[in-house]
Amino acid sequence: MAFTDKIYVKNHRQLASQLETNIPKGAFAGATLDMLFTGDGLSKLDSTTQDRILDFAEDFLDCDCQANPYCGCAEEKFMRYVLELRAEGLGPQAIVDVMSDDYMVYAYTGDVLSFLDNSVRQLEAVETLSDVEGNEEMSERARRAKRELSG
Ligand SMILES: [Zn+2]
């Protein structure tokens with residue numbers, strides 16, 4: 001399962017009752033995105049919730065792809081967002097707190113931790129491959145990114 005499949009809508013039950021319908025727990029599930037951004041879904045929610053959801057849309061769903069919101073950009077941007085929080089020195093629990101405050105979504109700290117570990121491992125693989133290929137610039141970039149995440 002991708003990391004973004006493990007990002008959940010906070011106050012899920014409350015949200016479902018405001019929408020008067022059931023929505024999946026996963027924040028990036030197609031039905032959740034449909035429900036929130038099509039029709040009058042959004043207008044049924046209280047203003048605090050609306051603000052968070054609009055922030056989420058603005059920050060992650062703002063691409064021009066025809067397949068939006070199913071093009072994958074949102075997931076990619078969200079992962080970058082988490083990696084940036086890590087680069088700022090936040091640990092898994094603090095990262096979960098920030099995403100809850102910012103967008104009313106949450107993840108389990110264990111999932112955040114393994115996502116960060118995987119990202120570091122991926123960077124290591126890029127670094128090794130770049131070294132083999134003699135691509136110093138790429139190798140240095142991977143090394144720097146890895147250092148940021150290991151902070
Ligand atoms: Zn896109």
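Read along the sequence, this protein chain runs β-α-α-α-α-α-β-α-α, which gives 7 helices and 2 strands. Helices here are DSSP runs of H or I with at least four residues, strands are runs of E with at least two, and both are numbered from the N terminus. The model is predicted: local features need pLDDT of at least 70, side-chain atom pairs count only at pLDDT 80 or more, and totals for chains, interfaces and linings use all residues. Residues are numbered from 1 along each chain as its sequence is written.

**The whole chain**
- The C-alpha trace spans about 55 × 35 × 25 Å along its principal axes.
- Of the 151 residues, 23% count as buried, meaning that 20 or more other C-beta atoms, placed from the backbone, lie within 10 Å of a residue's own; exposed means 12 or fewer, and partly exposed is in between.
- Contacts are pairs whose C-beta atoms, placed from the backbone, lie within 7 Å; among those at least 6 apart in sequence, 44% join residues at least 24 apart.

**A closer look at helix α4**
- A74, F78, V82, L85 and R86 are buried in α4.
- Those buried residues fall within an arc of 125 degrees seen down the axis, so they line one face of α4; the arc is taken from the directions from the helix axis to the C-beta atoms.
- Exposed R80 and E84 sit on the face of α4 turned away from its buried side.

**Around α4**
- The cover over the buried residues of α4 includes α3 (47-60), α5 (92-103), α6 (109-133) and α7 (136-150).

Technical notes
Two residues are in contact if their C-beta atoms, placed from the backbone, lie within 7 Å.
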